[in-house]
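Please open the structure and keep the sequence beside it.

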Amino acid sequence: MRPGRRAGTTLGAALLAAGLLFAAPSAGPAADPTPEAFAALQLVATPRTAAPPLALSDLDGRSVSLASLRGDVVLLYFWATWCPYCEKELPTTVEQLARRYRDRRLSVLAVNIEEGRGKVLPWIRRHGVTVPVLLDVDGDVTSEYRVTATPTAVLIDREGKMLARAVGTRPWTDDRGRALWDTLLK
């Protein structure tokens with residue numbers, strides 16, 4: 001045997017094994033949405049970096065963290081009770097989105113911006129919102145995600161990396177939205 005042949009064989013076997021590993025179906029990350037899917041919803045792609053940590057209390061005082069949702073696609077929906085666009089979108093389109101895709105591992109978290117439980121809870125009850133509502137009373141998470149307008153949505157992949165963001169309302173559940181969710185939630 002010539003010198004180096006064994007190393008080449010070992011390297012070849014390793015590459016073949018890696019190729020089989022990557023070719024095999026997995027429950028790992030879904031395919032990236034096409035630029036057209038983002039454009040159809042006017043989403044702005046973000047660098048694929050780890051999303052800032054998020055650990056906030058829900059309306060019952062339980063802590064909810066982004067880390068606990070690893071493996072799910074997450075839509076963070078930043079909103080406020082005084083926002084007329086949020087009042088229109090959160091109880092309807094965002095609720096419908098959460099219900100439609102919850103069995104496909106989409107988690108929707110409605111992050112309220114700098115309002116207390118006493119103000120948010122009656123609003124949530126009056127509008128029949130059932131998605132988890134988190135309270136960012138001090139605004140730290142809102143700042144960390146660079147939210148400057150309501151509503152702002154941030155899309156996070158199954159690995160906890162940011163994919164895209166949008167300011168303003170979106171047709172999350174129409175044909176354009178379905179194309180995006182069908183790709184992300186495969």
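Predicted model: local features only at pLDDT ≥ 70, side-chain atom pairs only at ≥ 80, totals over all residues.

Start with Asp-157, which forms a salt bridge with Arg-48, their closest N and O atoms being 2.5 Å apart. This pair links distant parts of the chain, 109 residues apart: Asp-157 sits in the loop between β7 and β8, and Arg-48 in the loop between β1 and β2. Is Asp-157 buried or exposed? Asp-157 has a relative accessible area of 7%, so it counts as buried, the cut-off being under 20%. Arg-48, at 36% relative accessibility, is partly exposed. In the loop that holds Arg-48 you will also find Pro-47.

Next, look at Asp-182 and Arg-104, which form a salt bridge with 3.2 Å between the closest N and O atoms. Asp-182 belongs to helix α6 (residues 175-184) and Arg-104 to the loop between α3 and β5, so this bridge ties together parts that are 78 residues apart in sequence. Asp-182 is partly exposed at 34%, and Arg-104 is partly exposed at 32%. Another salt bridge joins the side chains of Asp-174 and Arg-176, at 2.5 Å from N to O. Asp-58, Asp-60 and Arg-62, for their part, are linked in a network of salt bridges.

Now compare a charged residue of another kind. Asp-136, in strand β6 (residues 133-136), is buried yet has no salt bridge. The nearest side chain of opposite charge is that of Arg-165, 12 Å away. Among the residues that Asp-136 touches are Leu-56, Val-111, Asn-112 and Val-141.

Let's step back to the whole chain. The protein chain has six helices and eight strands, and 46% of its 186 residues are buried. Of the contacts between residues at least 6 apart in sequence, 73% join residues at least 24 apart.

Why is β7 described as largely enclosed by the rest of the structure? Five of its five residues are buried, so the strand is largely enclosed. In a regular strand, side chains alternate between the two faces of the sheet. Here, Thr-152, Val-154 and Ile-156 point one way from β7, while Ala-153 and Leu-155 point the other way. β7 pairs in the antiparallel sense with β4 (residues 73-79) over five bridges, and Phe-78 stands opposite Thr-152. β7 also pairs in the antiparallel sense with β8 (residues 162-167), again over five bridges, with Ala-166 as the bridge partner of Ala-153. The hairpin of β7 and β8 has five residues between the strands, and there Gly-160 takes a positive phi near 85 degrees.

Technical notes: Residues numbered from 1 in each chain as written. Heavy atoms only, no water. Helix = DSSP H or I, 4+ residues; strand = E, 2+ residues; numbered from the N terminus. Buried < 20%, exposed > 50% of the residue type's maximum accessible area, 1.4 Å probe, protein only. Contact = heavy atoms within 4.5 Å. Lys, Arg positive; Asp, Glu negative; His and termini not counted. Salt bridge = Lys/Arg side-chain N within 4 Å of Asp/Glu carboxyl O. Pairing = 2+ DSSP bridges. Lists of a residue's contacts leave out its neighbours within four places in sequence.
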